[in-house]
Amino acid sequence: MTTFVLINNTSDLSGEQERPRKLLKKRLSGQKISGIFFYSEAVNELLNEVRLNEWLEYSLSEGISLYVCRNSLIKRNISGEINPAINVVGLGQLIEGVLNSKKTIVIGDL
């Protein structure tokens, strides 16, 4: 079973920021992740070099595509600051990810 992950915000997670592998492992029980979509405030997660490298390392080791919402970047005036390894896409990619997966996990409030 594949699961698509939508990350809205990581600031409301308990205490310190968790590493991606640990964060997702707690919410998924051995399910294969088909993609991770950063939306809303979660796009700021990709501006921190340490956090960005953790996400990139995780996605490469697991073969998971990372997506970031173009409009969320534009709204925060950071569209030119995203690593080219991250797919900058529209909300259509979010819809496609949800429809093509058996399950969707949402992390963080809007």
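1. A salt bridge here is a side-chain nitrogen of Lys or Arg within 4 Å of a carboxyl oxygen of Asp or Glu. The structure, a predicted model, holds five of them. Side chains of opposite charge can pair when their charged atoms come close.

2. Start with E62 and R21. Their side chains form a salt bridge, with N to O at 2.7 Å. The pair links distant parts of the chain: E62 sits in helix α2 (residues 49-62), R21 in helix α1 (residues 20-27), and 41 residues separate them.

3. Next, E41 and R76. This salt bridge has an N to O distance of 3.0 Å. E41 belongs to the loop between β2 (32-38) and α2, R76 to the loop between α3 (70-75) and β4 (87-89); the bridge therefore ties together parts that are 35 residues apart in sequence. E41 counts as partly exposed, because its relative accessibility is 37%.

4. R51 and E45 also form a salt bridge. Their closest N and O atoms are 2.5 Å apart. Both partners are buried: R51 is, and so is E45. The pair belongs to a network, in which salt bridges with shared partners join R19, E45, R51 and E54.

5. Now the strands, with β2 as the reference. Strand β1 (residues 2-7) pairs with β2 in the parallel sense, over six bridges. In this pairing L6 stands opposite F37 of β2. Strand β3 (residues 66-69) also runs parallel to β2, and three bridges join the two. Here F38 stands opposite V68 of β3.

6. Why is β2 described as largely enclosed by the rest of the structure? Because five of its seven residues are buried. Buried means under 20% relative accessible area.

7. β2, α2 and β3 make a β-α-β unit, and the unit is right-handed. α2 is also the helix that carries E62, the partner of R21 in α1.

8. V68 lies in strand β3. V68 is buried, because its relative accessible area is 0%. E45 is the buried partner of R51.

9. The largest pocket holds about 210 Å³ of space. Which residues line it? The lining consists of R21, L24, K25, L28, G30, Q31, K32, I33, Y58, E62 and I64. R21 and E62, the salt-bridge pair of point 2, are thus both among the lining residues, because each has an atom within 4 Å of a pocket point.

10. Which elements supply the lining of the largest pocket? α1, β2 and α2 each give at least two residues. The largest share comes from α1, with three residues. By class, the lining has five nonpolar, two polar and four charged residues.

Note on methods:
Residues are numbered from 1 along each chain as its sequence is written. This is a predicted model: local features need pLDDT of at least 70, side-chain atom pairs count only at pLDDT 80 or more; totals for chains, interfaces and linings use all residues. Side-chain values use heavy atoms; hydrogens and water are left out. Helices (H or I, at least four residues) and strands (E, at least two) are DSSP runs, numbered from the N terminus. Buried means under 20% relative accessible area, exposed over 50%, partly exposed in between (1.4 Å probe, protein chains only). Two strands pair if DSSP finds at least two bridges between them. A crossover is right-handed if, with the strands pointing away from the viewer, the path from the first strand over the helix to the second runs clockwise. On a 1 Å grid over the protein atoms alone, a cavity is a set of points where a 1.4 Å probe fits but cannot get out, and a pocket is an open set with protein on both sides within 12 Å along at least five of seven lines; lining residues have an atom within 4 Å of a point. Grid points are joined across faces, edges and corners, and a volume is the space filled by probe spheres set on the points. Ala, Val, Leu, Ile, Met, Phe, Trp, Tyr, Cys and Pro count as nonpolar, Asp, Glu, Lys and Arg as charged, and the others, Gly among them, as polar.
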